Each structure stands twice: as C-alpha cells, then as structure tokens.
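The sequence and model are shown first.

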Amino acid sequence: MAKITTEAAFEEHIEDVLLKQHGFFSAKQEDYDKALCLRPETVISFIRATQTKKWADYCELIGDKAQATRNLLNRIKEVVDKEGTLHVLRKGFDIHGGGHFNLCYFEPTNPVAEESRRLYQENLLHLQRQVKFSEKDEKSLDMSIFLNGLPIFTIELKNQISGQNVGHAMKQYKTTRNPKEPLFRFKRCLAHFAVDNDLVYVTTELAGAKTMFLPFNQGSDGGAGNPPCKIGYATSYLWQEVWQKSRILDLIQRFIRVVDELDDKGKKTNKQRQIFPRFHQLTCVRELGADAQKYGAGRRYLNQHSAGSGKTNCIAWLANSLATLHTPDAKPVFSSVIVISDRRVIDRQLQRTLKQVIETPGMLVNIAADDGMTSKHLKDALEDGKRIIVTTLQKFGVIMDSMGELPGERFAVIVDEAHSSQAGQSAKAVQKVLSYSSEDEKKDEEEKTVEDRILEELKHRGPQKNVSHFAFTATPKPETLQQFGTKKKDGTYRPFSLYTMRQAIEEGFILDVLKNYATYDQYWALLKKVKDDPEFDGAKAKSLLKQFVSRHERTIAKKVAIIVEHFQASVSTKLGGKAKAMIVTSSRLHAVRYRLAIDAYLKSIGSPYKALVAFTDTVKDAKDGKEYTEAKMNGFPEATTADRFEADENRFLIVASKFQTGFDQPKLVAMYVDKKLNGVACVQTLSRLNRTMAGKVETFVLDFENSAEDIEKGFQPFYDRVTLSKETDPNQLYNIRTDLDKFGIHEAKDVEAFAKLWFADKPKLALLHAAVDPVAEKWKAEAEEEQVDYKSKARDFVKLYAFISHLVPLRDTGLEKLAVFLRFLLPKLPAKKGELPLEVLGMVDMEKLAVRKNNKKDIGLKRGEATVDPLNYGGGATLTEEERQALSKIIEDLNTRFNTSFTEDEIMVIKQLEKKIGDDEALQQQLKNGSRHAVEATFQQVAKDAFEDLVNENFKFYKKVSEDNEVSKEFFARLFEWYVEGHSKSSPKKKS
C-alpha cells in the first residue's frame, strides 16, 4: 500500500469513495482508445443496453457487427470533434443507416416516468487512474472520469504533505498538457480539475500558459478557500458531493454549456466558451430548488451575491430549474417563472443568457422587449404555457394596472437587484395580479361594501401562498433583509444564499477598489465684496457657499488639472493604452461645467483624449445663459453614450447620477469622485471600477469630497456577511397612529369619509380633494413645530404601512383607511417655508484655493459578520431654529474650516513658532521703523531660522511644510500676515 504522504495515497482515497459510495466502475488503461479518445467497449455496452433494437437493426444493415462498431465509434469521434462532448451527451448523434442514437439519459422531471427512469439508471461512470493520453509518449495524468465511455473530467492531484499543492497542479496543466492532444482539445472534456488537500481550481479550456483556472471552492468564514473538514480533507466535498452520479448528470443537463462569444454590439465572433458553474452558483440554484420543491410556493429567499458573482448565469439557471421543478406526484411546483429586473431596459446579457440556457422552444417570452406589449400579451403568455416570462418592474406595474383577471396559480418571481423599492406600489401590483383567483372573479359579480373592498385589497398583500420570491442583491438594506431574508430561531434575518464581496475579491472575480484610494483636502478662503454686513440663515448660507466653491471655475479648473495629470501619468498606459476613467459629479450643472473645463484643458495640452458627459434632461447655466443636454454636448443621441464610450479616444465619462449603477465597462481603471457618497450609493458607484479583464490588476480612486472614514463606513456592511438583528415591530403602526391622533389635525370621521369615496365603485377625484382639503387647511393653521412633527409622523406611517403590509397579513381595515388617507393628504402639506438666500452668492468671491492630496491608503475593511438594526419609524421631527449670522461670520467659519491643512498637534507647533517669532526684538524694531518690504525681508529670515530649529524636535511637521513648495509658500505668507496684523495693533504708530 502506498505511503500516506504520496499522491497515490490521495488517489486511492478518492477512488475508494467513488467506487464504493457512488457506484463508479474502475477503468483500465488497455480499455482506453487514445486515437478515438473514448472507451469503445463501454460506449457499445451502453448503446446495446439502452437502444437494443436500434443497435441490432444497424448491425443487421451493415452486415458485420465489428464494422458497425467501427462505424459508430468513428461517427462519435467525428461529431465530438466538431460539436464537442457536451453536445453529444445532451443531444446524441445521427449516423447514416442507423438514425439517431443517444449517449446519455437524464433524470426525468416527471417522477412517474418509469421507462425514462430506467434509461437514466443505465448511465455508466468509470474512474481511471494514471491515464496515458498520448500516442506519442507515455505521459499520464492522475485521474479521469468517463460517462458512458466518453471522458468528461480530467484531474491532477497534489498531496500537500509531499511538498506540492494546487499551484503545481495548475502549472502542470499549463506546461506539460498539450492542448493539441485529443483528450485536451477544447470541448472534448467538460472540465479539468486541479486539486490538493485544501483547494480546488477548474478550467474548461487548456491554452498553455494562458490557461485560466477559476476557484471551485466553498468559501470559508465569509472569504475564499474551504472550511476544515472534521472527517476528511477540506476538498472532500468534490468527490463526496459534486462527483455523485446524479449530480454529474445534473451538471451536464442543466449547467454546463457552450456559448458563442459576442462583441460589444452583441454580434457573434468566431470564438466559443464552455461555461462550468462556480461552486456557489451550483449550490445556490440547487438549494433554492430543493427548498421550493419541499415547501412549495409562498416562501421568500434573499441571495446576497456580490458583484462579480456571475449573477446573470445564476438567475438563468435558477429560472430554468424552477420552471421544470415537479412535486413527488408529478405536478409542476410553479405554473410560471417571472424574472423581474429593476432596470427600465432588461440587460442584454440577461436576455442572451436566458436564451442560451433555456433551449426548449416556446418556453421563454420577453414582455419588456417591445413597448407595445400589454396586459393581454402577459395573460396570453401565461395561458399559452410560456413557463418563463422576463420583464421590468416598471413594465410589470403598468401591465398590471390594466389587467382584469389572471389564473391564480403558483408563481416564482425572481427579482434582480432587490431593494426596498420592491416593497412599494409596483410590487403591490405584482402580488395583486398573481394572487387573483376564480374565487375573486365570482366576488367581482357581487355587490361589495367599502369594508369588503378594503379586506380584498388587504388580502392581496402580505406573504402570498401562491407566490415565491427569489431576490438577488449585492447590497441588502435592513428592509430587504426583512422582506426577503430567512428568519432564524433567534429572531435575526439572514440571506438564504451568500457570496460576499470579500470572497469575490479574494477569489479574484472582482478587484478591490479601496486599495489605491487617495483623498484630497480642499482649502479655500472667501472674500466679502460688499461694504455692509447682512445677516442670513447660517446653515443655508454655508451650504450655498460650499456649492459656490465646488462649482467655481477656479475649483473645477484646479481639479481638472489634477485629474488629467494623474490620468496621463498613472492610468492612460494601462490595458495596452486603452484604460478609461469616470468622473462622478454632484449635480447636472456640475457635470456640464466639468465637461467644458476638461475639454478646454485637454485642448490646451494637445491631448488626443476626449470626454463624454451623461446627465438627464436640460441644464441651463445662469453663468453663460446657455442650455445644455447630454446629446448636444456629446454630439450623438443619448441612447448611444454607453456604446460610444467604448471608442479608444473617449477616455473620460463625466456622470451626474447616470451610469453610477448597472454600468459595466471593464476598461474603467480610475474614478475621480467630486460628490458625497453614502451607504448603498457609495458601494454601487465605486463598484463600477471593480470589473476584471485581462491585464487589469489595480484601480485608482481620487476623491475630492469624501474621507477614507466615510468610504469605509459605506462599504463595511456589505463586505462580509450581514444579519438583521430583529424584525420591524408591526405595533409601531399603532403607536404612530396614536401619536397622529393626539395632534387633532384629522379626525376619525375625516378618514372614514375619505375611505368611502376612495373605495367606491367609481371614485371621483374632485370629491377626494374636497374631503382632504379641510384637513390640509387645519394643518396650515397649526404652529410650525406641530406642522413639521405631524408631517414627519404621517410620512413614516405611510412608509411603514407599505413595508409591513407586504411582510405580514394585516386585516385591520382602519390601518388601510388611514394609509390611503395620509397618502392623499401628504402632497397637500407644503414644505417648511424659507427660501435659500441666493443673493449671498453675489456678495462673495474666492480669494484663495488649494487642493492637496492626503497620503494614499488602502482602506482596510473588517472581516466578520455585520449586524444591522431595523429602521426606526415614528420618531417625528423638531423644528430647527433659523440661526441668523452676519455674512462676515459665515465666511470666517467657512474659512476656518476649509483653509487649514494642519492637525491639532501641528497647530500647537505653529503656536510655539509664532511665539518665538513674536518675541524677536530685532523684528519688532523693524516693524516700528521700517517699510512693509523691509519688515517682510527681516521676517522671512527670522521665521526661517525659527523654523529650522524644528528639524530635530518636530521633524514630521518640518518635512510636511518644507517638501511642498505650495504649502511652504502659503504657510510663511500666513505667518507674516499674522505677525503684521497682531503687532501693528499693539505697536505705537510712527509720527508723521
């Protein structure tokens, strides 16, 4: 017996499991035909057992069994060479004189199909060790798995105790496995595995040194790798689970596929790819299907899958799986599967992927493809047996509004990018229609009271027994966790399936955009241009003045210079000179001014690069009186901006909200951020950078607005595992209702009167307005503090009710009446008065501006589970008192805040330096008697001497000032102004 430290011992262990536990057969080298690249005897044995008469007829036609065998085997080789093993296993092959033969039978979706099940049981799996694959030499690979005589997997094993690991296995494939050998040609085998005791990697195509291996690991503690296995190797799941006979056949039938590679315009190229699912995709689809099969319709599933998780493939595989899922008594678990995206145009990649996965003709229909689609098309699709329907959430809502009836069967709804918006009115329309039944149709014919109508409305909310939701998102908010997550025994909510951002980064599927993150501080001083000192609301004036600075031509010009210089020096040469950048601005006007500034700068330096801009509608710039649109500035239609950005000369894309989500451009290497980013928006915006491509190994972010701490705070909840600590308490609704009643602004009779009008057979808009207008007038008569508090609580009630009503059954008609009443009333309650003091902008100008880079850093996120709390509703609002401040004080505050670049410790050093300079008697005498020029010359010498004394005691501060000419110049200028101003006041004036 081999020693346990050798590869042979590792092979023996795997062989023992496959043969004894999974029913594999042992294969010998002499039974393998290297030229045909298959096991002839096994192939014929399988065909003889499953297609007995057809085989006998073919042999009789040929007249010689041996010749018939040669013909059949050569024909299999010919078809495999042309179409690949996957095609032959899934679709079989045709041969002249024999008709069609199958080389594999899959498990029937209908569990009572006895003959299909018998054929499925006839599939044969063999394991061969030390496979000599070449006719030229005696080289061998460690293991190979055959299905019905055809090779499907090759395996190179490394036992780490012997000093080698999975890296050596991958290198072996790349350097000693010639892709021209029959066994290693593209599409011959379905996958090639590199395996050691701890890790698994897989590839579907050998290409020498360019071979791309991908991790096929379970993930460990939220990151990459595999968890320890108490009873075996960490990689035991591969042969214990993945290589089970039923699971291998399932892989071939539903997951592995060959697809045409497309160019950027969606046209086929001459290349193909063979796709093998990643481990988390495989387990996600299978576990979701198993749970749905076990419990039926009516459950909710949250799948937290990071960007780079292969979500599109996962959704396509899941849709196909759910559409073919059957109960033990042979009934479909779901009548139809509806795939909903929150994008207004269904992603082309999703459409293509679904078409590639779902091969059965007529099974898939895309309702979002044509704007002419109506409710009738959706109804027809469902009634005609279209098992998978693709649409947008917006389109679905429009369709539902005009739909009269829909068979109340069982539905699976797959939601792409689930957020709290799915708890709103659009999702309400989805649930209402999907829950409609023939029982409802009968009730429609009966006369209903207002209470009946409200109860009917309520019945369509909450968990629907006939609808299961499968939601996918990379950034689950607390509301999303509660709405779609799985509730645990301890009351927390967690995702059903998890593939974290951390794991995606560690496995190399996305880049870490926080690695090269540079923040900038902006230092500026404003000058008051008017003689008088008017007063303004401090907070509003400061906000306006900050906007004034951010949009000022000097500010944008300064940042544009930094952006372009950084791009040319650090980014432009990446990706073979095709790297691109995105500039994120705070507003549409901001984007317009950035575009004008960057065009001017690029022209001034003779750069061949161009910039595009993306924003909605029309922007009028009061500065020049001109109107701007995206189409006019770019010179082509708005709909083509994303495609035109692909052109080599277009290197910068300046965006204002647009393209900050759902935009995939792998050539984006740098991002320049001039906008405050928070929470989900922070992650989604910066994630535009994380897509990988050949040669892209790092990204760059220059951020003018956010601190490193801000970005860390935004990313941390979505980096690793996230759990909702507890559910939102539905009783909060009653608490808020009680608080609202105490105001006395609306009364029970007001709500009742409105409800009768709202739920009438034919509601009249004029009467609805008339019912709430007196309440709105009553609100306006209240004190401003009461107005603000009432409106805040009313808004919270509407939000919370919309959220809760989709989570738990609410049968309280009083809550529904109040919700519709407040929803109609709120738009009639005007916002607190107080216009922005725009006139302040004409009273100031920018005196100084400096934009300085902080030390570049890698923003490190913490590993481990993050716990989030549900949102707090009903807290109300208090009126903030308007603080009147003089313009000079407002400017002083802003300058104090933004016109210093030193830490508190460094400020102490400056004060010591100021005292030392101030005590210099020679300088004091010069100030009394000399001219300003002479004082300045003496000051420079005294200050420099005092500054040089800091070298030993405060070297960091000395270095910070001395190494940056701009900092040094401004620092000594400030010291001089301080000295002259301070000492002139105390010095006696020179007599004239």
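## Helix α10

Just after α10, glycine 296 has a positive phi of about 75 degrees. The model is predicted: local features need pLDDT of at least 70, side-chain atom pairs count only at pLDDT 80 or more, and totals for chains, interfaces and linings use all residues. Residues are numbered from 1 along each chain as its sequence is written, and side-chain values use heavy atoms, with hydrogens and water left out.

Helix α10 spans residues 279-295; helices (H or I, at least four residues) and strands (E, at least two) are DSSP runs numbered from the N terminus. Its 17 residues reach 24 Å from first to last C-alpha, close to the expected 24 Å (1.5 Å times one less than the number of residues). Buried residues (under 20% relative accessible area, 1.4 Å probe, protein chains only) in α10 include Phe279, Leu282, Val285 and Arg286. Among the elements covering the buried residues of α10 are α8 (236-242), α9 (245-255) and α11 (311-323).

## Packing of α9 on α10

The axes of α9 and α10 are 13 Å apart, at an angle of about 95 degrees. The two helices are therefore roughly perpendicular (65 to 115 degrees). Arg247, Asp250, Leu251, Arg254 and Phe255 of α9 contact Leu282, Val285 and Arg286 of α10 (heavy atoms within 4.5 Å).

## Sheet

Seven strands form an open sheet with mixed pairing, in the order β1-β4-β5-β6-β7-β8-β9; strands pair if DSSP finds at least two bridges between them. β1 (25-27) and β9 (214-215) are the edge strands. β6 (150-157) and β7 (191-195) pair in parallel over five bridges, and phenylalanine 153 has alanine 191 in β7 as its bridge partner.

How values were computed
Buried < 20%, exposed > 50% of the residue type's maximum accessible area, 1.4 Å probe, protein only. Axes fitted to C-alpha atoms, helices over the stretch in contact; angles between N-to-C directions. Parallel < 35°, antiparallel > 145°, perpendicular 65-115°, else oblique.
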